[in-house]
Amino acid sequence: MEGSRSITESAEWRALAQHHAQIGEVHLRTLFAGDPRRGETMVAEAGEVFLDYSKNRVTGETLRLLLALTQRCNLRRRIDAMFAGEHINVTENRPVLHVALRTPRDRAIIVDGEDVMRKVHAVLDRMKAFAGRVRAGEWTGHTGKSIRNVVNIGIGGSDLGPAMAYEALKDYSDRSMTFRFVSNVDGSDIREATHDLDPAATLFIVSSKTFTTLETLSNAHAAREWLLAELGDDEAVRCHFVAVSTNAEKVAEFGIDPAHMFEFWDWVGGRYSFSSAIGLSLMVAVGPERFDDLLGGMHVMDEHFRTAPFERNLPVVLALLGIWYGNFFGAQTQAILPYSQYLWRLTSYLQQLDMESNGKSVDLEGDPVETATGPVVWGQPGTNGQHAFHQLLHQGTRLIPCDFIGFCRPNHQVGRHQDLLMANLFAQTEALAFGKTPTEVSAEGVGQTLVAHRSFPGNRPTNTILAPALTPSVLGQLVALYEHKIFTQAAVWNINAFDQWGVELGKVLANRIIPELEAADEPSLDHDSSTNALIRRYRAGRNSE
């Protein structure tokens, strides 16, 4: 049977439910005591990424039963379909080919009779030429000044991806240049991004597939006004704005030369897009060679996902563990905890990647799903989180699986900092797994009234992901790892990870409300009583001192 429309009624799902009833309360202390080599065998590796999943509440039998789900949903067939360019985004009748964006030039991917790789590398070549000119100071503004400031204007994947990757790879960027990212339609965002910049030395990259996105175009017009207030001449727009879009007509209407438009395609979802022309600001920041390294790292993980046996396949293992906790233990969230300050935006990026992809309640056939789907993704870098929310992880009532991400070598050797950082990472996973029993606490001389407060239950599951260092290639491998994990979970749940209809209704209603807020006279309102009252209160408050 292909697909998992009745996954919860399948023999594989029932076997997992029975297995959970048997081992669900078994403590990690017991599992490690019963298998002294567990920490050496429950590991997997791909490229430069090493995964230790031994501190999970699973046995070899658990993994065998979880892997049976991949057969039930015919995961191998689904993977092959994605890489072959089949229209697996069924609600929009599109291929899903972010993997093509990082496929080498000498490969062919035929979609609807056309080799898309020619287009992919044609755009990459144009991006490299442009980035090279900007970085070398050869692209000049309206007054002849070289560009020293780059402001990326986008929203969703057009912002979160390049912004996350820029922060992650900041150490590889041209530090003589300033890079900023604007997404929020709150005017404070564009104001703070531009107020201290020299317009004559500033380039705006406006990223919108249709060039009609409300937030992005509102910010782009504000940037245009800011620029022209200083430079005066409308012709300046051509020197200070480029577009990442597919709508040449709208780009030209804005005043951007269509020759300075970088294309991407409808088979690239926004949250999967920063390896496309959406990553233009990143390429300017780190240079074409390092951008190529990023793409190369993604391709390494793509090939691992496409070819590795599922029992040693990092995305598949992570996906199945997530299903184990979300569907059988009832865990509702997933914490992503990178022990690198450079990855401070990674969790926000993965929030969109996971929650927009798998936040679905109907399956591929349009029927209600019969089990929980995507988790709430959250977290922040260590060790900051240890002094914020780790209390709940250790002694709270909720089960929260955690991914800890660390690196053997720091970007900067500062005293003992890296050893202290990684000691904390290892200590957290150890403490979460094994805890501290009341007997152990009492043996330390703690008074009986405090024993319960100072005991730790442990048995909290974690994955540890290690890499040699945070390089462009490693970042690419990490991003692709989570992309394919999310795809695997969608395959098991039989949902479409590549549409996002849930974001549309709010947009439609906002467009209805905007003229009601801006009307000179009191508008006639026919929303619900709460929305009507809020609009009236806002209008009154806006016009008061």
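**Ground rules.** I number residues from 1 along each chain as its sequence is written. Since I'm on a predicted model, local features need pLDDT of at least 70 and side-chain atom pairs count only at pLDDT 80 or more, while totals for chains, interfaces and linings use all residues; side-chain values use heavy atoms, without hydrogens and water.

**Cavities.** I searched the whole structure and got four cavities of 30 Å³ or more. A cavity here is a set of points on a 1 Å grid over the protein atoms alone where a 1.4 Å probe fits but cannot get out. I then picked the second largest cavity, which holds about 50 Å³ (volume is the space filled by probe spheres set on the points, joined across faces, edges and corners).

**Its lining.** Lining residues have an atom within 4 Å of a point; among them I noted Asn56, Tyr325, Asp403 and Lys485. Helix α14 (residues 314-329) gives the most, with four residues. Helices are DSSP runs of H or I, at least four residues, and strands are runs of E, at least two, numbered from the N terminus. I sorted the lining into four nonpolar, four polar and two charged residues, with Gly counted as polar and Tyr as nonpolar.

**The sheet.** Next I traced an open sheet of five strands, β6-β5-β7-β8-β9, with parallel pairing. Its edge strands are β6 (178-182) and β9 (261-262). Strands pair if DSSP finds at least two bridges between them; β5 (residues 149-153) and β6 have five. What stands opposite Val150 in β6? I found Phe179 there.

Notes:
On a 1 Å grid over the protein atoms alone, a cavity is a set of points where a 1.4 Å probe fits but cannot get out, and a pocket is an open set with protein on both sides within 12 Å along at least five of seven lines; lining residues have an atom within 4 Å of a point.
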